[in-house]
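The sequence and the structure come first.

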Amino acid sequence: MDLERLEKIANDATEGPWSYAFRTTGDGTQWAVFDKDDVAIASNNDGMVEDARHFSNFDPPTVLALIDRVKNLEIELRKAQVKVLLEVESVLEKDGHEYF
């Protein structure tokens, strides 16, 4: 997963949060996803209700929060891996073995 690419896409998208609703605009277009200012950003004319629901729930703030969470978990994982390796090295050195 390319987190940097997803982060750029989320940052470049219409600011959220987004909402999901069925409305008919003045020109007769049915809209399903609206931005924070209640401006229509995705149409439901093609019967793509599931996609509209997905879009509205995965708005840029949500995606960016998920990316931050993944990045933080990756950092914590690396720290835990280093800690385990250092503990293994310490045990092996006590037994007279070299780790590397």
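Lys79 and Glu76 form a salt bridge in this predicted model, with their closest N and O atoms 3.7 Å apart. Both residues belong to helix H3, which spans residues 60-94. The model has 4 salt bridges in total by the rule applied here.

**Salt bridges within helices**

- Lys79 and Glu76 are 3 residues apart, about one turn of helix H3.
- Lys79 has a relative accessible area of 51% and is therefore classed as exposed, the threshold being over 50%.
- Glu76 has 44% relative accessibility, so this residue counts as partly exposed.
- A second salt bridge joins Lys8 to Asp12, where the closest N and O atoms are 2.5 Å apart.
- Lys8 and Asp12 both sit in helix H1 (residues 3-12), and their spacing of 4 residues is about one turn of the helix.
- Lys8 counts as exposed because its relative accessibility is 51%.
- Asp12 counts as exposed as well, because its relative accessibility is 53%.

**Salt bridge between Lys36 and Asp37**

- The side chains of Lys36 and Asp37 meet in a salt bridge, at 3.6 Å from N to O.
- Asp37 is exposed, because its relative accessibility is 53%.
- Lys36 has a relative accessible area of 43%, so Lys36 is partly exposed.

**Asp35, a charged residue without a salt bridge**

- Asp35 lies in the loop that runs between strand E2 (30-34) and strand E3 (40-43).
- Is Asp35 buried or exposed? Asp35 is buried, and this residue has no salt bridge.
- Which side chain of opposite charge is nearest to Asp35? That side chain is Lys36, at a distance of 7.0 Å, whereas a salt bridge requires the nitrogen and oxygen to be within 4 Å.
- The side chain of Asp35 does reach backbone nitrogens: that of Asp37 at 2.9 Å and that of Val39 at 2.8 Å.
- Setting aside neighbours within four places in sequence, Asp35 is in contact with Thr14, Glu15, Pro17, Trp18 and Ile41.

**Tyr20 and a pairing across the sequence**

- Tyr20 is part of strand E1, which covers residues 19-24.
- With 25% relative accessibility, Tyr20 counts as partly exposed, because the buried class needs a value under 20%.
- How far apart are the C-alpha atoms of Tyr20 and Asn57? They are separated by 8.2 Å, although the two residues are 37 residues apart along the chain.

**Fold and surface of the chain**

- The chain contains 3 helices and 3 strands.
- In sequence order, these elements follow the pattern α-β-β-β-α-α.
- The chain has 100 residues, and 18% of them count as buried; Asp35 is one of the buried residues.
- Of the contacts between residues at least 6 apart in sequence, 37% link residues at least 24 apart.
- The accessible surface of the chain is about 7,500 Å².
- Carbon and sulfur atoms account for 55% of that surface.

Key: Residues numbered from 1 in each chain as written. Predicted model: local features only at pLDDT ≥ 70, side-chain atom pairs only at ≥ 80, totals over all residues. Heavy atoms only, no water. Helix = DSSP H or I, 4+ residues; strand = E, 2+ residues; numbered from the N terminus. Buried < 20%, exposed > 50% of the residue type's maximum accessible area, 1.4 Å probe, protein only. Contact = heavy atoms within 4.5 Å. Areas by Shrake-Rupley, 256 points an atom, 1.4 Å probe, with all protein chains shown as cover. Lys, Arg positive; Asp, Glu negative; His and termini not counted. Polar contact = N/O pair within 3.5 Å; in protein donor to acceptor, adjacent residues only side chain to side chain.
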